[in-house]
Amino acid sequence: MRILVTSAWPYINFVPHIGNIIGSVLSADVIARYYRLKGEEVLFVSGSDEHGTPIEVEAAKLGIHPKTLTDVNHAKVSELFRRWEISFDNYTRTESETHKKFVQDLLMKIYRNGYIFTKEAEIPYCPEEKRFLPDRFVEGKCPYCGYERARGDQCESCGRLLEPTKLVDMRCAICGAEPIIKKTKHWYFDMPKLSEKLLEYLNSNERLTGSTRNFSLRFIEEGLKARAITRDTEWGIPAPFPGAEGKTIYVWVEAVLGYISATIEYFKGKDESRWRDFWFDKDSRTLFFIGKDNIPFHTIILPALLMATHEDWVLPWNVSATEFLLFKGEKFSKSRRWGVWIDEALNLFPVDYWRYVLLAIRPENKDTNFTWKIFIEKVNSELNDTIGNFIHRAITFLNRYFDSKVPEPRELDTLDREMLNDLEKSVSEIERDLENIRIQSALGKIYSLAQAGNRYLNLKEPWKTFKSDPQVCANTLYVAMQIVKALVITLKPFIPRAADRFCRMINLGEEVSNGMWKELYRPLPPGHKVNKAEVLFRKIDLTESDIEGRIESMRSKPELVSIEDFAKLDLRVGRIVEAEAIPKSRKLIKLTIDVGGEFKQAVAGIAGEYGLEELKGKEVAVLVNLKPKTIFGVKSEVMILASQDDEKLSLIVPDREVKTGSKIT
């Protein structure tokens with residue numbers, strides 16, 4: 001099966017927040033990974049939306065050219081998606097030359113087919129800024145729901161598409177001045193001509209959810225209107241139509257065409273005609289992952305543009321639209337800094353914690369609330385105490401009782417057989433949920449399977465039967481390891497980093513690889529040897545206020561330090577001579593450090609990153625003149641310096657050999 005997976009292109013006027021990522025990118029990643037595990041031919045594409053007015057507004061406020069802003073933000077967002085383990089095959093941008101050319105060529109086909117016409121339009125014009133104000137350059141009250149901060153292109157409260165002149169109490173988004181109305185010539189897409197074809201497409205597409213289909217049908221029943229596809233601005237793709245010099249293409253047209261240009265771009269320098277297999281072969285499936293506010297762009301506007309070419313395109317096979325993720329009951333707000341942004345998130349906790357929690361509360365049927373209480377409970381109770389605990393217990397028992405080898409089962413009892421039957425049923429249900437894009441439900445069933453595994457071990461008590469009846473113990477651990485294997489494979493789309501580490505732990509390979517889903521239907525054979533159990537998750541021992549304090553600290557600008565204050569710090573190169581574990585602590589290590597003929601003691605939270613023997617003899621950067629503090633009953637006199645991101649912690653060390661005790665200046 002050939003499957004194109006897409007996610008809505010994020011505006012990159014700012015870093016996306018966690019509500020953005022769960023509504024499109026993260027959900028799409030789960031399904032792309034799932035189909036790769038099934039062995040299907042998958043292409044996963046998206047990109048940065050650079051030409052929208054949010055970019056222009058932000059750049060205008062900063063006093064820089066939009067391209068300067070998007071160059072920086074595209075690189076930043078691309079790197080953040082990599083750190084979130086998003087498995088794009090091509091994450092591109094609307095400034096791509098491939099994209100620009102494709103958009104212009106396709107619009108000229110539509111123009112020649114008679115679906116584009118010109119007329120004069122009355123557009124808001126700001127006398128202060130001396131410019132026309134397209135879509136998001138205008139704010140005001142929504143004429144439908146009364147939302148006070150509706151934008152000129154769409155109301156984010158009720159989801160209605162708008163025209164700027166329809167807003168009540170219009171104001172310029174740059175300076176706040178009241179616009180005047182001026183006439184200007186624009187090119188329009190005649191969507192009403194395609195109403196019947198769009199109705200036929202929507203009514204025949206059985207994959208669309210009821211809410212998505214009904215929203216789209218209601219949109220058409222209320223009467224489609226011709227929509228302007230050009231605007232008066234220099235930033236964007238130049239309009240290709242005769243006489244349209246100085247106009248650019250509206251972002252609502254070009255952004256949805258980016259899914260196609262990203263596919264074309266992926267195959268450049270390869271088999272360049274292969275992109276057509278995904279967009280013209282009727283056996284191909286196209287899956288779109290968006291937030292509910294983007295529904296009409298993907299169920300109406302994109303199909304209409306493709307229909308207007310008079311070519312037989314593959315239309316959206318399914319459009320998965322999530323409801324909104326709220327932060328403590330309210331919508332995320334960049335201006336109020338209300339919420340959590342995806343860069344901040346990774347500076348707080350590991351990426352698998354975030355992926356697990358967001359997918360576990362994915363707003364599939366109604367708006368969902370995110371709170372730190374929910375986050376802590378999901379990580380501690382579900383990820384650590386249930387999933388991580390069961391896998392660790394099962395492998396540890398196997399390490400301890402059967403020399404790490406899966407034992408031979410004989411004469412399974414009723415509980416053993418029931419557990420294996422339940423396992424088979426769970427895998428089937430998880431698969432069905434993922435096929436139907438019920439991602440939250442699928443993850444819930446994986447969690448329930450781990451719960452069942454823990455109950456099974458508690459009932460079977462292998463720590464007792466190993467002595468009293470070794471064969472019963474063998475049967476128990478044979479069954480338990482089948483559950484472990486199923487968890488490892490089914491978790492890959494959700495928490496890929498942890499799943500790959502689990503995969504190495506049970507010796508199935510370096511990673512849960514493409515095509516591996518079929519292994520769910522093959523038992524882990526007797527004699528298969530696993531590796532040593534490791535603890536992959538840790539409980540969060542912070543309170544909600546602790547976390548909020550860390551966020552505020554990240555957001556606050558660091559206080560400037562004078563040269564005189566910096567000179568007070570005694571920084572030296574030290575050499576670690578002893579490293580000891582601190583009893584009852586999983587993270588802390590006691591270090592004895594030579595700082596130049598003088599030995600000082602430090603307590604460092606690096607136990608999960610460095611081994612004791614690995615630390616001995618290592619040269620490190622040390623802050624020497626620190627007030628002593630007692631931690632876990634151990635006096636800490638100095639501090640070693642390290643850097644840390646969401647993936648690892650790394651000690652700061654000199655890049656060449658220097659004398660122990662040398663000053664750092």
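Helices (H or I, at least four residues) and strands (E, at least two) are DSSP runs, numbered from the N terminus. The model is predicted, so local features need pLDDT of at least 70 and side-chain atom pairs count only at pLDDT 80 or more, while totals for chains, interfaces and linings use all residues. Residues are numbered from 1 along each chain as its sequence is written, and side-chain values use heavy atoms, with hydrogens and water left out.

Is H51 buried or exposed? H51 counts as buried because its relative accessibility is 0%; buried means under 20% relative accessible area, exposed over 50%, and partly exposed in between, with a 1.4 Å probe and protein chains only. Apart from neighbours within four places in sequence, the residues in contact with H51 are E56, T94, E95, R231, W235, G236, I237, V251 and E254. Contact here means heavy atoms within 4.5 Å. With E254 there is also a polar contact, side chain to side chain, at 2.6 Å. A polar contact is a pair of N or O atoms within 3.5 Å; within protein, one must be able to donate a hydrogen and the other to accept it, and residues adjacent in sequence count only if both atoms are side-chain atoms.

The next topic is strand pairing. Strands of a sheet pair through backbone hydrogen bonds, either parallel or antiparallel. Two strands are taken to pair if DSSP finds at least two bridges between them. Strand 4 (residues 116-126) is antiparallel to strand 9 (residues 180-189), with ten bridges between them; within this pair, A121 is opposite T184. Strand 4 also pairs with strand 5 (residues 131-132), again in the antiparallel sense, over two bridges, and F132 is the bridge partner of Y125. Four residues separate strand 4 from strand 5 in a hairpin, and K130 in its turn has a positive phi of about 55 degrees.

Strand 6 (residues 138-141) has three bridges to strand 8 (residues 168-172) and two to strand 7 (residues 150-151). E139 illustrates both pairings: its bridge partner in strand 8 is R171, and in strand 7 it stands opposite R151.
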